Amino acid sequence: MASHSRFITEPKTAAIVGCPFSGGQPKAGVDRGPIHLVEAGLVQQLEELGWKVKFDGHHQFEEINTTDDPPIGILKNPRLVSRVTESVAKVVGDHVKKGELPVTLGGDHSLAMGTISGTLNSHPDACVVWVDAHADINTIETTESGNIHGMPVSFLLGIGSKVSEYSWVKPLLKPERLVYIGLRDVDAGEKRILRENGIKAFSMHEVDRYGIGKVVEMALDHVNPDRNRPIHLSFDVDALDPTVAPSTGTPVRGGLTFREGHYICEAVYETGLLVALDLMEVNPSLADAAAVEQTVAVGCSLVRSALGETLL
């Protein structure tokens, strides 16, 4: 097991980037996720694992004013999402540049447009392991809802029509550097995009067929065959089955078990290659108190596993 992290400077520092942001989707409350995760003691938990933890409060994005934000096409809140994700890209990028590990707590998954841009600015050869029930790869042509949390990957890859408001997003992500685990609710247009771009995806069908250990190995063999590229792990809590993490905006039955979700995080940590982690879509307003507490506890636990907590 790697106790050293190849790209993280000693003394190893985790920077918690709290992003209480919900503009990429319509349901209230996902902006409370980061606050609950930190209140549950995440900072102390990571310190107990031997990390120095930087956390200077949540990013409130107050200076980002978009009172006038009519749709572009059917894209909802396009200017707000663009400006927030661009500011997140700068924050995450600064931590990565310093050799710190940014742990971005969302908020909705549109934020990954920012976090992954930030990683790729310093590590253009990084690969992305995207754990999610959804592919989040709709373009302005294929989106049916206009909710940008279903679109960040298409912006990062530079596919679909260009939206000038998002010209800051450089298409640095290459299709062969992206792999999905846990997909089970993919739009017809997205299936076509995955096929046309040759993007590797392990749906729940493959998890059932091969088991999670083999799936993670195959996923890493695809994006990181020599185990030498930095890894950005973007984890949407709705990848987990709703019985495990009920409090999220778009739950889909038949997801990863508690252990399968944790195994992915443990295995990525063991490579010693993790440079950035996102934990997205914890929404504390969409369930009763016990379900919220359960989801928040699972979120903290996933972060700990990705930062080196082991069972023995």
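The axes of helix H8 (residues 212-223) and helix H9 (residues 258-271) cross at roughly 40° and come within 10 Å. Axes here are lines fitted to C-alpha atoms, for helices over the stretch in contact, with angles from 0 to 180 degrees between N-to-C directions. H8 and H9 are therefore oblique to each other (under 35 degrees is roughly parallel, over 145 roughly antiparallel, 65 to 115 roughly perpendicular, the rest oblique). On H8, the contact (heavy atoms within 4.5 Å) is made by Ile212, Gly213, Val216 and Leu220, and on H9 by Glu260, Tyr263, Ile264, Ala267 and Thr271. Those residues split into 6 nonpolar, 2 polar and 1 charged (Ala, Val, Leu, Ile, Met, Phe, Trp, Tyr, Cys and Pro are nonpolar, Asp, Glu, Lys and Arg charged, the others, Gly among them, polar).

A word on the source: this is a predicted model, where local features need pLDDT of at least 70, side-chain atom pairs count only at pLDDT 80 or more, and totals for chains, interfaces and linings use all residues. Residues are numbered from 1 along each chain as its sequence is written, and side-chain values use heavy atoms, leaving out hydrogens and water.

Now for the sheet. Helices (H or I, at least four residues) and strands (E, at least two) are DSSP runs, numbered from the N terminus, and strands pair if DSSP finds at least two bridges between them.
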